[in-house]
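The exercises below concern one protein chain. Please study the sequence and the structure before reading each solution.

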Amino acid sequence: EILKVMPDFTNKEIATWRSLDLIETLLHLADNNFEQQVNELFNYPRQHCPDVLVLGLLQINPPITPLRRDLLNKLFKVFLSPHPNSQVILTHAWHSQSIQIKPILILSMAEWYLKASQEGDSEQSRLGRILDIAQDLKALNLMLNAQAFEFVIDLAILSSRREYLNLEKWIQDKILEHREIFVSACVKFLQRNVPGILGPTPLKEENIPKQSLQI
């Protein structure tokens, strides 16, 4: 086993979830009109042995079914928070042979960060945790290419503060690549983080001189 801290495999209800055949069979049933029932069955390992379940979901054969994607998305959030097996799980996920896993992990990070306030946590604490993980995984460049711009812009700014990134060049490159979509995301960032910039008339994309954006 690759886990740093092992679950209690003397508990048969936990040990059962080591079976990759079981997980594959349940996902197959979920794709054949039994999704609700299967989801309920997965509640136990999600709560009592999430590390065993997530490793199973990473190791089984394709395809990445909708339920498998949803389970991975939720389970990754468990390990974004401090957990004895966080490093093992996140490293295993990032280096998965399936090209579909990295986008799921990045989306999970973005959702976990953006929900910090409503979950009673600090956005900056979560963002710092994500950046630390990105550095450990040597994943920062790829993560900064994601299109969850609200999350990515905040991550880029923190990366710049820690001198991991040339922010000005990154912004220029993103504007060239994504044009109006990224400019709009930058405007929303300013509206959200610099309240005084709103003034009597809210800042709008069309009011920004194009030369200053170097489009």
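**Exercise 1.** Which residues in H2 meet which residues in H3?

Two remarks on the model come first. The model is predicted, so local features need pLDDT of at least 70 and side-chain atom pairs count only at pLDDT 80 or more, while totals for chains, interfaces and linings use all residues. Residues are numbered from 1 along each chain as its sequence is written, and side-chain values use heavy atoms, with hydrogens and water left out.

*Step 1.* Helices (H or I, at least four residues) and strands (E, at least two) are DSSP runs, numbered from the N terminus. Contact means heavy atoms within 4.5 Å.

*Step 2.* List the residues. On the side of H2 they are Leu20, Ile23, Leu27, Phe42, Pro45, Arg46, Gln47 and His48. They meet Pro50, Leu53, Gly56, Leu57 and Gln59 in H3.

*Step 3.* Sort them. The residues of this contact of H2 with H3 divide into eight nonpolar, four polar and one charged. Here Ala, Val, Leu, Ile, Met, Phe, Trp, Tyr, Cys and Pro count as nonpolar, Asp, Glu, Lys and Arg as charged, and the others, Gly among them, as polar.

**Exercise 2.** Where do the buried residues of H5 lie around the helix, and what do they pack against?

*Step 1.* Identify the residues. In H5 (residues 86–94), Ser86, Ile89, Leu90, Ala93 and Trp94 are buried. Buried means under 20% relative accessible area, exposed over 50%, and partly exposed in between (1.4 Å probe, protein chains only).

*Step 2.* Look down the axis. The buried residues of H5 fall within an arc of 125°, so they line one face of the helix. The arc is that of the directions from the helix axis to the C-beta atoms.

*Step 3.* Find the partners. The buried residues of H5 pack against H3 (50–59), H4, H6 (101–114), H7 (123–137) and H8 (140–143).

*Step 4.* Examine one partner. H5 and H6 pack at an angle of about 135°, with their axes 8 Å apart. The two helices are therefore oblique to each other. Leu90, Ala93 and Trp94 of H5 contact Ile101, Lys102, Leu105 and Ile106 of H6.

**Exercise 3.** Is Arg126 buried or exposed, and which residues does Arg126 contact?

*Step 1.* Locate the residue. Arg126 belongs to helix H7.

*Step 2.* Read the accessibility. With a relative accessible area of 6%, Arg126 is buried.

*Step 3.* List the contacts. Leaving aside neighbours within four places in sequence, Arg126 is in contact with Trp112, Tyr113, Lys115, Ala116, Glu119 and Asp121. Arg126 and Trp112 are 14 residues apart in sequence and 7.8 Å apart in space, C-alpha to C-alpha.

**Exercise 4.** Discuss the backbone at Pro63, Lys138 and Glu163.

*Step 1.* Recall the background. Most residues other than glycine have a negative phi, and most peptide bonds are trans.

*Step 2.* Consider Pro63, in the loop between H3 and H4. The peptide bond from Pro62 to Pro63 is cis, with omega near 10°.

*Step 3.* Consider Lys138, in the loop between H7 and H8. Its phi is near 55°, a positive value, and Lys138 is exposed at a relative accessible area of 75%.

*Step 4.* Consider Glu163, in the loop between H9 (149–161) and H10 (167–178). Its phi is near 65°, also positive, and Glu163 is exposed at 73% relative accessibility.

Notes:
Axes fitted to C-alpha atoms, helices over the stretch in contact; angles between N-to-C directions. Parallel < 35°, antiparallel > 145°, perpendicular 65-115°, else oblique.
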